[in-house]
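Hi,

Here is the structure I promised to pass on.

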Amino acid sequence: MPDSPQTGRRSVGSLFLGVAALAGQRLHLMGDQQNPTAALVVGLMSDGKDKVVDLGKGAYRSVPVDKVRNAVSDAVTHARARGQDAIASSKADASQWLSSTASAPKKWAETKAIPQVMDDMTPYMTDEFMPKMIDAMMPHIRETVVPAVIDDLTTDPRVRKMIAEQSHGAVSAAADELRQVTASADDQVESAFRRTFTRHQPS
Amino acid sequence: MTAVAASGPGVVVGDDRIRYAGLVTRFAALIVDALLLALAVPIVALGPSAIWSALAGPAPGWLLVCSQVAAGVLPLAYFTVCWWGTGQTAGDVLFGVVVRRPGDDHLGLFRSFLRALVGLLLPVVWLIGMGMILVDGRRRALHDRLFGTVVVRKPTTPRD
């Protein structure tokens, strides 16, 4: 027994045994003198444990540790690789199965269910839901949204620039039109003048 | 626009003639300027004294004199400054014409002043002299010949 009081090293088994003996004395199951039967049982168990430990140590010494370690390492490596392959193939199979299983309902929903629902919903949406919603929203839109949009538009420099360019373009186009008209009138007046005053001149 | 060949001294034949403003354009520009001045001259003549009267009672005599002198000088100053500065009065801007020297140079201040002074002092001669536009190769009026000027069209700005 390694757990002597002198060494200070106590095993869990000796502590458990000590606690059980103290509890027996407290409960008056055991007297102050040690029970010889219990001492026999404990001694047999201790001897048995020592024998098992000695047998284990002897077997450990007789086994080639390096070979065992290599064999175990090889076995772990092989098992890990095989496990990874198995997991990967299982995932692929499961994914394929799920997609093939889900594609049929999806196709059915796309071709049959959703169009049918849309066709059924459209008259209700256009005739009842949207008019009610618009009627409910219009006061709010008029009071808050439209003024805000107008403010944004009137203060937006891009819109101002666009309006100025369009106005300038319209004025410029009108001026060009006016100039073309007067230029044409210039030519017509001169042509009329020349026809009038060169008619009787000898050629 | 049809280019009309001209004959006589200072002839410009063919399409180059259309560079110069004709009788209708120049009369139209003159009418616009006359309307502007008909509006501006009374305002300058009567406006300051009317404002004074509204704010502080009867206008002083010096203000009336100054206003009327300014109104009398306004047409002369208007034409002089416009021709000297840009070569264009408001009517010229509207109809896209500009007064230049034959080499496309700007008019000097003295030439602009004389051109305006003669036009304002002898308006009948000015108007009759515009008839020469019809026969001159560069569409010059009498006063253009007198002061060595031409009235050309400004090229239109290309639009996007």
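Let me start with where the two chains meet: 17 residues of chain A are in contact with 15 residues of chain B. On the chain A side, the residues that touch chain B split into 6 nonpolar, 5 polar and 6 charged. Do keep in mind that this is a predicted model.

One piece of that meeting is a helix pair. Helix α4 of chain A (residues 157-198) packs against helix α1 of chain B (residues 23-56), with the axes 6 Å apart and an angle of about 130° between them. An angle like that makes α4(A) oblique to α1(B). If you want to find the spot on screen, look for A:Thr182, A:Ala183, A:Ala185, A:Asp186 and A:Val189 on α4(A), which meet B:Leu23, B:Val24, B:Thr25 and B:Ala28 on α1(B). Sorted by class, this contact of α4(A) with α1(B) has 6 nonpolar, 2 polar and 1 charged residues.

Now chain A by itself. Of its 203 residues, 2% count as buried. Helix α2 of chain A shows this well: among the 27 residues of α2(A), the count of buried ones is 0. I also checked how α2(A) runs from end to end.

Chain B is built from 6 helices and 2 strands, and from the N terminus on its elements run α-α-α-β-α-α-α-β. Here 26% of the 160 residues count as buried. As for how chain B folds back on itself, take the contacts with a separation of 6 or more: residues 24 or more positions apart account for 65% of them.

From α1(B), the contact uses B:Leu37, B:Ala40, B:Val41, B:Val44, B:Ala45, B:Pro48, B:Ser49 and B:Trp52, while α2(B) brings B:Leu63, B:Leu64, B:Ser67, B:Gln68, B:Ala70, B:Ala71, B:Leu74, B:Pro75 and B:Tyr78. The residues of this contact come out as 14 nonpolar, 3 polar and no charged.

The pair α2(B) and α4(B): helix α2 (residues 61-85) and helix α4 (residues 109-121) pack at an angle of about 140°, their axes 8 Å apart. This angle makes α2(B) oblique to α4(B). Again the crossing of α2(B) past α4(B) is right-handed. On α2(B) the contact is made by B:Pro75, B:Leu76, B:Phe79, B:Thr80, B:Trp83 and B:Trp84, and on α4(B) by B:Leu109, B:Ser112, B:Phe113, B:Arg115, B:Ala116, B:Leu117, B:Gly119 and B:Leu120. The classes in the contact of α2(B) with α4(B) are 10 nonpolar, 3 polar and 1 charged.

B:Cys66 sits in helix α2 of chain B.

B:Asp104 has phi near 70° and lies in the loop between β1 (97-100) and α4 of chain B. B:Asp104 counts as exposed, because it has 11 C-beta neighbours inside 10 Å. B:Arg139 has phi near 55°, and its place is the loop between α5 (123-129) and α6 (142-147) of chain B. With 27 other C-beta atoms within 10 Å, B:Arg139 is buried.

Over to you, and thanks for taking this on.

Cheers

Technical notes
Residues numbered from 1 in each chain as written. Chains lettered and ligands numbered in written order. Predicted model: local features only at pLDDT ≥ 70, side-chain atom pairs only at ≥ 80, totals over all residues. Buried ≥ 20, exposed ≤ 12 C-beta atoms within 10 Å, placed from the backbone. Helix = DSSP H or I, 4+ residues; strand = E, 2+ residues; numbered from the N terminus. Axes fitted to C-alpha atoms, helices over the stretch in contact; angles between N-to-C directions. Parallel < 35°, antiparallel > 145°, perpendicular 65-115°, else oblique. Contact = placed C-beta atoms within 7 Å. Nonpolar A, V, L, I, M, F, W, Y, C, P; charged D, E, K, R; others polar. Left-handed = near helix turned anticlockwise from the far one by under 90°.
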